[in-house]
Amino acid sequence: MRLFIRLFVTALVATLVAACVTVNVYFPEAKVEKAAEQIVNDVYGQDGQQSSMLNISSFLLCMYEYLGPSSAWAQNPATVENATIRSIKNRLANRHSQLVPFYLSGAAGLDNKGFVAFRQNGARTLSLADQAKLRRLVDADNADRRQLYAEVAKAMNLPPNQTSQVQRVFADVWRSKASAGWFVQSNSGSWSQK
C-alpha cells in the first residue's frame, strides 16, 4: 500500500511540474517597432542628407569595429545593428533618393505588406525607359526589404515563423513615416495619398 501511495504521489508531482512548464513564445512587438523606426528613419534620412552620411559613418564604424578594441556587451534586443543590416540599410538609403520622385508622382507607393509597389495608374505618365527604371528599383528595393526583415528577426533571436510579423510591423512604420503626397496602401488594400 505504501508503494502505491508513493507511486501515486510521485506521478501527481510529476504531472503538476509538467503542467507548470509552458513554452512562452511571444512576439516582442514594441521592440521590433522601435528597431523598425530606427531603421526607417536611417533609410528615409533628413532632407536627403542621410544617405551620403550613412555611407561615411557606416564605413568608419566598420573600420572601428575591425581595428578597435573588442567589447563584450549584452545585446539590447531593440538594437539590431550588424554588418548585414547596415549594408542593407545603406543600399535602401541610396536607392531611396532615386525612388522619391516616383513616390511623389504616384508611380510608386508603399504597400500594406512592407514593400514598394509599382502603381500602374501613376506610372502611365512615365516614359517606357522610366517605367523600366522604376521596375528595376522596385525589384531591388523589395529584395533588400525581404532580406532586412529576415535579418532583423534573426538579430532579435526570433524564430523564422515570426519573420512575417516583423514584416507587418515594418509595413506599418514605412507607411506612417512616408512623406506627404506619397501613396500608401491601407490594410484593407485601398490606396490613398498621404
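## Packing of helix 6 against helix 7

Helix 6 and helix 7 are oblique to each other, a class that takes the angles left over when those under 35 degrees count as roughly parallel, over 145 as roughly antiparallel and 65 to 115 as roughly perpendicular. Their axes lie 9 Å apart and the two helices pack at an angle of about 120° (axes are lines fitted to C-alpha atoms, for helices over the stretch in contact; angles between N-to-C directions run from 0 to 180 degrees).

The model is predicted, local features need pLDDT of at least 70, side-chain atom pairs count only at pLDDT 80 or more, and totals for chains, interfaces and linings use all residues. Residues are numbered from 1 along each chain as its sequence is written, and side-chain values use heavy atoms, with hydrogens and water left out.

## Overall organisation

The chain holds seven helices and four strands (DSSP runs numbered from the N terminus: H or I of at least four residues for helices, E of at least two for strands). Along the sequence, these elements follow the pattern α-α-α-α-β-β-α-α-α-β-β. The chain has 194 residues, of which 39% count as buried (buried is under 20% relative accessible area, exposed over 50%, partly exposed in between, with a 1.4 Å probe and protein chains only).

## Packing of helix 4 against helix 6

Helix 4 spans residues 83–105 and helix 6 spans residues 128–155; their axes come within 9 Å and cross at roughly 150°. That angle makes helix 4 roughly antiparallel to helix 6. The contact of these two helices comprises 12 nonpolar, three polar and eight charged residues (Ala, Val, Leu, Ile, Met, Phe, Trp, Tyr, Cys and Pro are nonpolar; Asp, Glu, Lys and Arg are charged; the others, Gly among them, are polar). The crossing of helix 4 and helix 6 is left-handed.

## Aromatic pairs and charges over rings

Six aromatic pairs occur in the structure (ring centres of Phe, Tyr and Trp, the last by its six-membered ring, within 6.5 Å; planes under 30 degrees apart are stacked, over 60 edge-to-face, the rest tilted). One of them joins Tyr44 and Trp182 in an edge-to-face arrangement, with 5.4 Å from centre to centre and 90° between the planes. Tyr44 belongs to helix 2 (residues 29–44), whereas Trp182 lies in the loop between helix 7 (163–176) and strand 3 (183–185), so the pair ties together parts 138 residues apart in sequence. Tyr44 and Trp182 are both buried. They also belong to one aromatic cluster, formed by Tyr44, Tyr103, Phe115, Tyr149, Phe170, Trp174 and Trp182.

The charged end of Arg135 lies over the ring of Phe118, 3.8 Å from its centre. The charged end of Arg119 sits over the ring of Trp191, 5.0 Å from its centre.

Val80 occupies the loop between helix 3 (50–67) and helix 4. With a relative accessible area of 3%, Val80 is buried. The C-alpha atoms of Val80 and Ala153 are 8.9 Å apart, although the residues are 73 apart in sequence.

Val173, in helix 7, is buried at 4% relative accessibility. Between Asp42 and Asn90, a separation of 48 residues in sequence corresponds to 8.7 Å in space, C-alpha to C-alpha.

## Residues with greater accessibility

Asn157 is placed in the loop between helix 6 and helix 7. Its phi is positive, about 55°, although Asn157 is not a glycine. At 68% relative accessibility, Asn157 counts as exposed.

Ser192 lies in strand 4 (residues 191–193). Its relative accessible area is 39%, and Ser192 is partly exposed. Ser192 and Gly106 are 86 residues apart in sequence, with 10.0 Å between their C-alpha atoms.

How values were computed. Left-handed = near helix turned anticlockwise from the far one by under 90°. Lys NZ or Arg CZ within 6 Å of the ring centre and 35° of its normal.
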